[in-house]
Amino acid sequence: MELIHTEVPRHFEYVTLSHRWGAGEPSLRDIEGRKIYNMPAMGGLGKLQGFCAVACEWGFSWAWSDTCCIDKHSSAEVQETIGSMFAWYRQSELTIVYLSDVPDTGSIENSEWFRRGWTLQELLAPRTVLFYTRNWLLYKNLTSANHKEDPAVLEELERVTRIEPRILSDFSPGIDDARSRLQWASSRLTTRPEDIAYSLFGIFNVHLPVLYGEAAEHALGRLLTEIVSHSGDISVLDW
């Protein structure tokens, strides 16, 4: 029985992709029932193929991408996904961060990835992260199996995110030090304005309805109300 408990979960270990969305991202319906390597390697599909190839190189049989592993035509699935996103990244064995705007000899500090709303939790949630540059090369050819444990990368991450290395390496979701957590997100942008609040639900470990179409101010107001009601800390209203 003990062998089952250790070996079965190992078979289902998976790797997640973190990236900036671009043109031509494949949806679930685009790839369902098809072999992605038999499809044209253009746009988002080429990125998906590159991600799956890297996942295989690291010995994984399962890979998850937010572009095509969610049925976005189902509002119930979208609601559940947003509520579970932090947990999916936290439970992954590895998160691959693909920086399409960073050349092979460039710096991650210049990437737009650090200015997007959803990527904040995709940086904080996983315990193991590897950064890949435009041509799917490991950042600076670092041999580390986890860039969250590499002092040089952590130094760069601290400069660009203003988050201390100890937090980057071992982040715990919750409402502790809520004002600082809101400040981490203050300069980030999302395509849909209300997502700036939804992208923080996992970081604060709150469970609220996702109401697409509501004003961003209302979505943030619901989040702040939830934080204050549990923490009593009104300083979060001035972040």
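Contact means heavy atoms within 4.5 Å of each other. Helices (H or I, at least four residues) and strands (E, at least two) are DSSP runs, numbered from the N terminus. The model is predicted: local features need pLDDT of at least 70, side-chain atom pairs count only at pLDDT 80 or more, and totals for chains, interfaces and linings use all residues. Residues are numbered from 1 along each chain as its sequence is written, and side-chain values use heavy atoms, with hydrogens and water left out.

**Helix 8 and helix 6**

- The buried residues of helix 8 pack against helix 5, helix 6 (151-161), helix 7, helix 9 (195-198), helix 10 (201-204) and helix 11 (216-231).
- Buried means under 20% relative accessible area, exposed means over 50%, and partly exposed lies in between (1.4 Å probe, protein chains only).
- In helix 8, the buried residues are Ala-178, Arg-181, Leu-182, Trp-184 and Ala-185. They sit on the same side of helix 8, because they cover an arc of only 150° around the axis.
- An arc is that of the directions from the helix axis to the C-beta atoms.
- Helix 6 has Val-153, Leu-154, Glu-156, Leu-157 and Thr-161 buried. Seen down the axis, the buried residues of helix 6 fall within an arc of 160°, so they line one face of the helix.
- Helix 5, strand 4, helix 7 and helix 8 are what the buried residues of helix 6 pack against.

**Helix 3**

- Helix 3 covers residues 43-57, which is 15 residues.
- From its first C-alpha to its last, helix 3 reaches 22 Å, close to the 21 Å expected at 1.5 Å a residue. The expected span is 1.5 Å times one less than the number of residues.
- Buried residues of helix 3 include Gly-44, Leu-45, Leu-48, Phe-51 and Val-54. Lys-47 and Gln-49 are buried in helix 3 too.
- The buried residues of helix 3 pack against strand 1 (14-18), helix 2 (28-31), strand 2 (62-64), strand 3 (94-98) and strand 4 (129-132).
- Just after helix 3, Gly-59 takes a positive phi of about 90°.

- Met-39 is found in the loop between helix 2 and helix 3. Met-42 is found in the loop between helix 2 and helix 3 as well.
- Met-39 is buried, with a relative accessible area of 12%. Met-42 counts as exposed, at 61% relative accessibility.
- Not counting residues up to four places away in sequence, Met-39 touches Asp-30, Ile-31, Arg-34, Leu-45 and Gln-49.
- C-alpha to C-alpha, Met-42 and Tyr-212 are 30 Å apart in space, and they are 170 residues apart in sequence.

**Pockets**

- On a 1 Å grid over the protein atoms alone, a pocket is an open set of points with protein on both sides within 12 Å along at least five of seven lines, whereas a cavity is a set of points where a 1.4 Å probe fits but cannot get out; lining residues have an atom within 4 Å of a point.
- Grid points are joined across faces, edges and corners, and a volume is the space filled by probe spheres set on the points.
- The largest pocket holds about 640 Å³ of space. It is lined by 21 residues, and Trp-21, Asp-66, Trp-118, Asp-195 and Tyr-212 are the closest to its centre.
- Helix 4 gives the most to the lining of the largest pocket, with four residues.
- By class, this lining of the largest pocket has eight nonpolar, six polar and seven charged residues. Ala, Val, Leu, Ile, Met, Phe, Trp, Tyr, Cys and Pro count as nonpolar, Asp, Glu, Lys and Arg as charged, and the others, Gly among them, as polar.
- The second largest pocket has a volume of about 190 Å³. Of its 13 lining residues, Arg-166, Ile-167, Asp-177, Arg-181 and Trp-184 lie nearest its centre.
- Helix 8 gives the most to the lining of the second largest pocket, with three residues.
- The lining of the second largest pocket divides into four nonpolar, two polar and seven charged residues.

- The whole structure has one cavity of 30 Å³ or more.
- Residues lining the largest cavity include Arg-90, Leu-124, Pro-126, Lys-148 and Phe-171.
- Gln-121 is found in helix 5. Gln-121 counts as buried, at 2% relative accessibility.
- Leaving aside neighbours within four places in sequence, Gln-121 is in contact with Met-85, Phe-86, Pro-126, Ser-199, Gly-202 and Ile-203.
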